[in-house]
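Here are my notes for anyone opening this one for the first time. Have the structure on screen and go through the points in order.

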Amino acid sequence: MAHSRADKTFLSWPFLNDHHRTLARELDNWALSTLPAITDTPGAHDDIDNTCRVLVRALGAGGWLRYAVPKAYGGVFDQLDVRSLCIIRETLARHSGLADFAFAMQGLGSGAISLAGSEEVKLAYLPLVAMGEKIAAFALTEPEAGSDVAQIASTLEEKKSGYRLTGEKTYISNGGIADFYCVFARTGEAPGARGLSAVVVDADTSGLKVKERIEVIAPHPLARLKFDGCVVPKKNLLGTPGGGFKLAMQTLDIFRSTVGAAALGFARRALEEAVRHTSSRNLFGAPLADLPITQERLAEMALDIDASALLIYRAAWTKDSGAPRVTREAAMAKLYATDSAQTVIDKAVQMFGGMGVTKGVKVEELYREIRALRIYEGASEVQKLVIARQLLSE
Ligand code: COS
């Protein structure tokens, strides 16, 4: 079986409970039996919009999206369980980058609603997100505000009829296929970070246009959006006016560790592929794996993977144990896991030689899949800034 070699010993670590172990086993079986028919068919990667829609529906039907929303709205746990989110992302990423993406965006795209939506808004969106019947998106980044969120320039003006949203968002995952967007914009209570708010905007709102679809090295639905005086009902405000920056950061505190988990899944798959390949490929009359240089690389890969897993499940466990902020832990997990997964995958590509850069070979796909994770939801440099700032403020 293609994925049987991935190390599962981390599941016995004390950060996790029995229900996490059951989740990991059941999802792995589901992914093996369900995903190839969706992601490995001819054309699946040509029409990624359709493939992502099918994946969201399949993840919903399988019950996995219930982990992306709270229990009162069709979810599994009272609050999002970050360890479950990490297990799901690392497992799905090991099988398919697109499946991981489809799952992750349902959580990130509805996370601000789970944290701060009114009861009415939660009931209107979250159960459908959990069933895979509404596709979610998180719209924070702007052409002139990526890492520096406090510079957001889109405006949200309060009018009698509702909030009027004007501006542009870019690099929005699920842009073009989402049913709704959680949008962060300037309400202006104060300059900078204290003057932002968040609203839910339905995709069919008049004035909302997909300005451009963006093609990236590992294709997934991504777009630049224009909001041209969209009128959004007042009830769609998430949290308090002026509380948008903190809400975005709280959402990222939950999901940043899960980006690390996705990177971990990619790295585990690269190691599996490398072990299989070097054990069967002969060089100078013996398997490649017999060479000391191969063994040194395999050992480095395994070490990076375990170190990433420790940081990820430490951050996830800390959050699930009730810590009010896990900004530092989540930053460390995301930073280390994404940077080191890039190195692990690069080593796997090198071991595959020419095949490693050949289209259709798994490690080539992983090499493209991993790159964006060092950039989105806070680039590696931002994570370093977060870690250093905390040290210096102590
Ligand atoms: N949880 C709750 N509150 C938080 C928080 C968190 N994780 N992080 C910051 N805050 C609060 C701060 O406590 C501060 O509150 P007060 O004004 O009451 O003191 C306020 O938010 C502003 O924080 P700070 O001064 O640290 O903000 P900066 O503008 O300096 O921004 C960084 C900090 C760079 C860390 C932030 O902009 C960031 O995370 N950027 C990356 C964004 C990102 O991930 N972009 C990708 C988009 S998603 S694909």
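Predicted model: local features only at pLDDT ≥ 70, side-chain atom pairs only at ≥ 80, totals over all residues.

1. An oxygen atom of the ligand sits 2.8 Å from an N or O atom in the side chain of Arg389. On the backbone side, a polar atom of Ser147 lies 2.7 Å from a ligand nitrogen. On its own the ligand would expose 1,000 Å², and the protein buries 74% of that.

2. Who else is around it? There are 23 residues around the ligand, and the ones that come nearest are Ser147, Arg194, Lys246, Gly378 and Arg389. By type, the shell splits into 10 nonpolar, six polar and seven charged residues.

3. The structure holds 20 salt bridges. Among them is Arg224 with Glu168, at 2.8 Å from N to O. This pair ties together distant parts of the chain, strand β7 for Arg224 and strand β3 (163-173) for Glu168, 56 residues apart. Arg224 is partly exposed at 24%, whereas Glu168 is buried at 16%.

4. Compare Lys234 and Glu158, whose closest N and O atoms are 3.4 Å apart in another salt bridge. Lys234 is in the loop between β7 (222-232) and β8 (237-238), while Glu158 is in strand β2 (155-158), 76 residues away. Here Lys234 is partly exposed at 38% and Glu158 is exposed at 54%. If you want a network instead, look at Lys8, Asp28 and Arg94, which salt bridges link together.

5. Last, the rings. A search of the whole structure turns up seven aromatic pairs. One of them is Tyr67 with Phe77, a tilted pair with 6.1 Å between centres and 55 degrees between planes. Tyr67 counts as buried at 16% relative accessibility, and Phe77 as partly exposed at 23%. Also worth a look is the cluster that ring pairs make of Phe10, Trp13 and Tyr313.

Methods
Residues numbered from 1 in each chain as written. Heavy atoms only, no water. Near = heavy atom within 4 Å. Polar contact = N/O pair within 3.5 Å; in protein donor to acceptor, adjacent residues only side chain to side chain. Areas by Shrake-Rupley, 256 points an atom, 1.4 Å probe, with all protein chains shown as cover. Nonpolar A, V, L, I, M, F, W, Y, C, P; charged D, E, K, R; others polar. Phe/Tyr/Trp six-rings, centres within 6.5 Å; stacked < 30°, edge-to-face > 60°. Buried < 20%, exposed > 50% of the residue type's maximum accessible area, 1.4 Å probe, protein only. Salt bridge = Lys/Arg side-chain N within 4 Å of Asp/Glu carboxyl O. Helix = DSSP H or I, 4+ residues; strand = E, 2+ residues; numbered from the N terminus.
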